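Student: I would like to take a close look at a single part of this molecule. Please show me the structure before I put my request.

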Amino acid sequence: MAMMDGGNNNNNLEELAVGCMLLIRTTLGDEFEGQVVTFDRPSNILVLQEGFKHGPRRNIRLLKTNYIKDFTFLGQSDDPLDPNNCFLDLTALQTREELAIRQAEADAERIGVGVTTEAQSIFDALSKTLPVRWDKTVIVVMNEVRVGSPYNSESVIGGTPAANDRVKKMLEFERKRLQLRGNIGQ
């Protein structure tokens, strides 16, 4: 096992072949074992697969070489990304992608277009306890109560009297909270 000092890491790291197994100590005090996947010379980044386990889940670490204090060569293994040894569950990946897209779309629907920061803050506060959505610049609460600009209790329309009153009370409370938060910095 050879140990190399971090003073001249970059030259030593460039010589390491894909598949090298290393024990790495960082300048931040971390210590871990990993297998070299690749070294990107222009960005000075070493790409490592943490641990030496093979299976469907692997942790990949990108590490700038100037953060490597020293490393110990532990041995050589096959290319960790050899397609013959890699297992990709395409169905699981497609499912994760679809979930991520749906989540991103849901998150995007929660952002008002053409509304003030205050209106977005009111929407966010209402969304913590009630189902809300945007209809252009109008906040629709419980699919029945509508709150338009200037987003105060006088701009609440529709819905049952109980739902209407509940939204008005929450709006008044949130406006007071926003006002207090705004006055703190003054």
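Student: In which sense do strand β8 and strand β9 pair, and over how many bridges? Please describe the sheet around them as well.

Tutor: Please keep in mind that this is a predicted model. Strand β8 covers residues 138–141 and strand β9 covers residues 145–147. The two strands pair in the antiparallel sense, over three bridges.

Strands β8 and β9 belong to an open sheet of four strands. Read across the sheet, the order is β7-β8-β9-β10, and the pairing is antiparallel. The edges are formed by β7, at residues 132–135, and β10, at residues 156–157. Each of these edge strands pairs on one side only. A helix also packs on this sheet: α3, made of residues 117–127, touches β7 and β8. The direction of helix α3 makes about 145° with that of β7. As a general point, the strands of a sheet pair through backbone hydrogen bonds, either parallel or antiparallel.

For a second example of antiparallel pairing, please turn to strand β3, residues 31–40, which pairs with strand β2, residues 20–26, over five bridges. There, Leu 23 stands opposite Glu 33 in β3. The hairpin of β2 and β3 has four residues between the strands, and Gly 29 takes a positive phi near 95° in it. Strand β3 also pairs with strand β4, residues 45–50, in the antiparallel sense over six bridges. Val 36 has Leu 48, in β4, as its bridge partner. In the hairpin of β3 and β4, with four residues between the strands, Asn 44 takes a positive phi near 60°.

How values were computed: Residues are numbered from 1 along each chain as its sequence is written. This is a predicted model: local features need pLDDT of at least 70, side-chain atom pairs count only at pLDDT 80 or more; totals for chains, interfaces and linings use all residues. Side-chain values use heavy atoms; hydrogens and water are left out. Two strands pair if DSSP finds at least two bridges between them. Contact means heavy atoms within 4.5 Å. Axes are lines fitted to C-alpha atoms, for helices over the stretch in contact, and angles run from 0 to 180 degrees between N-to-C directions.
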